Amino acid sequence: MTAPDLPEIIDIHTHFMPQRVLDKVWAYFDSAGPLLGRAWPITYREDEGGRLAALRALGVRAFTSLNYAHRPGMAQWLNDWSSEFAARHDDVLHSATFYPEPGAAEYTAAAIEGGARIFKAHVQVGDYSLADPLLDDVWRVLERSRTPIVMHAGNGPAPGRFTGPQAVRDLLQRHPGLVLVIAHMGMPDYRDFLDICDEHPDVHLDTTMAFTDFTEEMSPFPRERLDDLAALGDRVLFGSDFPNIPYPYEHAVEAVRGLGLGAQWERKVLHDNAARLFGISASQV
């Protein structure tokens, strides 16, 4: 049952991780680390069961685990955990990740063969170049399989060595068949990523943390581009960053609805676009 006043939701940007990894992530947020630059309280600091129950109570019918690797030898272990997690929960979209290292293409292909439906690439935290030769075959595998990749490549909340829209443009020039979902609307580079999305029919945007009061204080969305956002309504997907958000989940949903782009656009963003991209029918996840 959907929570009061909230529509049915598919959330393509949530994080479920091995507890020791999540503890380190939370410790980083608690310290307001250099990639954050501000206080960032975790609203949903609960055990795994509590977090699952919270999403379901909010009417979220499908969601991801989105682990990501930041050093060699980590991705395969995270993929194994994510596979087991998805096998235990019917409403989880089986997620996977990769890192520029020998064997990355092989374990990426194995993850897809094992049922992975979405990948996460975190350029900022991973501190790697999208042009790293060790990723060449990974991109080919993902391009052939048409598996969506949620990619944190924007310069927010702080620039990394390899972040920014040009790196994504260059990647798409080499691999135009990739299905990308640009995390956080590419903030703060909204304009560039709206243009990239418009130019490439297989590029999508996710709304993670965008439009919320917390984000608008530091990276306001350019209101003169709302018409462009409306026009791209078939390729905008809802994401939340749950549980690592500094406000209630409902605020993220209301921030999207508060744009005033119409009920049809909202339904596409909150549910229908993800349902189509991942082949989720009315009776399944």
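Reply: A residue is called buried under 20% relative accessible area, exposed over 50%, and partly exposed in between (1.4 Å probe, protein chains only). This is a predicted model, in which local features need pLDDT of at least 70, side-chain atom pairs count only at pLDDT 80 or more, and totals for chains, interfaces and linings use all residues. Residues are numbered from 1 along each chain as its sequence is written, and side-chain values use heavy atoms, with hydrogens and water left out.

Me: How many salt bridges does the rule give?

Reply: A salt bridge requires a side-chain nitrogen of Lys or Arg within 4 Å of a carboxyl oxygen of Asp or Glu. The count is 16 salt bridges. In one of them, Asp127 pairs with Arg161, with the closest N and O atoms 3.1 Å apart. Because Asp127 sits in the loop between α5 (123-126) and α6 (136-145), and Arg161 in the loop between β6 (149-152) and α7 (165-174), the pair ties together parts 34 residues apart in sequence. Helices (H or I, at least four residues) and strands (E, at least two) are DSSP runs, numbered from the N terminus.

Me: Is Arg161 buried or exposed?

Reply: Arg161 is exposed, at 62% relative accessible area, while Asp127 is partly exposed at 34%.

Me: Which residues meet in a salt bridge at 3.9 Å, N to O?

Reply: They are Arg257 and Glu266. Arg257 is partly exposed at 27% relative accessibility, whereas Glu266 is buried at 15%.

Me: Which residues are linked in a network of salt bridges?

Reply: Asp195, Arg225 and Asp228 are linked in this way.
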